[in-house]
Amino acid sequence: MTVISPRIDEKEDRLIKEYAKAKNISVSALIRNSVLEKIEDEIDLNLYTQAMNEHKRNPQSISFEDMLEELSD
């Protein structure tokens, strides 16, 4: 397991510890979850942007009912 040591001031340290305590999780879990969530959000945003750009280049769409029918085949 790798150890990461962020440099934060006392005010930030206190805020992070209080937040983790309020959520009933460790500071380590809070930071790990927050960083992973941030990465996932950025990946999702990039995928959305790619999909929208592709749709703008080829603006075809189908109705929800047609999609369900196509998926059920």
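In which helix does Asn53 lie? Asn53 belongs to helix α2, which covers residues 27–57, where helices (H or I, at least four residues) and strands (E, at least two) are DSSP runs numbered from the N terminus. The structure is a predicted model, in which local features need pLDDT of at least 70 and side-chain atom pairs count only at pLDDT 80 or more, while totals for chains, interfaces and linings use all residues. Residues are numbered from 1 along each chain as its sequence is written, and side-chain values use heavy atoms, with hydrogens and water left out.

**Overall form**

The secondary structure of the chain comes to 3 helices and 0 strands, and reading along the sequence gives the pattern α-α-α. The radius of gyration of the chain, taken over C-alpha atoms, is 21 Å, whereas a compact globule of 73 residues would have one near 11 Å, by a rule of 2.2 Å times the number of residues to the power 0.38. Along its principal axes, the C-alpha trace spans about 55 × 25 × 25 Å.

Of the 73 residues, 4% count as buried; here buried means under 20% relative accessible area, exposed means over 50%, and partly exposed lies in between, with a 1.4 Å probe and protein chains only. The accessible surface of the chain comes to about 7300 Å², and 54% of this surface belongs to carbon and sulfur atoms, with areas taken from the Shrake-Rupley method and a 1.4 Å probe, and with only the protein chains shown counting as cover for residues.

**Distances along the chain**

| Pair | Apart in sequence | C-alpha to C-alpha |
|---|---|---|
| Asn53 and Val27 | 26 residues | 39 Å |
| Ser28 and Tyr48 | 20 residues | 30 Å |
| Ile62 and Lys21 | 41 residues | 48 Å |

Asn53 is partly exposed at 35% relative accessibility, and Ser28, also found in helix α2, is partly exposed at 45%. Ile62 lies in the loop between α2 and α3 (64–72), and with 51% relative accessibility Ile62 counts as exposed. In the loop between α1 and α2 sits Asn24, a residue that is not a glycine and yet has a positive phi of about 60 degrees; Asn24 is exposed, with a relative accessible area of 70%.

Side chains of opposite charge can pair when their charged atoms come close. The structure holds 1 salt bridge, a term for a side-chain nitrogen of Lys or Arg within 4 Å of a carboxyl oxygen of Asp or Glu. The side chains of Lys17 and Asp13 form this contact, at 3.2 Å from N to O. Lys17 and Asp13 are separated by about one helical turn, because they stand 4 residues apart in helix α1 (residues 10–22). Lys17 is partly exposed, with a relative accessible area of 47%, and Asp13 is partly exposed as well, at 28%.

**The largest pocket**

Rolling a probe the size of a water molecule over the atoms shows where empty space is left. On a 1 Å grid over the protein atoms alone, a pocket is an open set of points where a 1.4 Å probe fits, with protein on both sides within 12 Å along at least five of seven lines, and lining residues have an atom within 4 Å of a point. The largest pocket holds about 270 Å³ of space, and its lining includes Met1, Pro6, Ser28 and Arg32.

Note on methods: Points joined across faces, edges and corners; volume = space filled by probe spheres on them.
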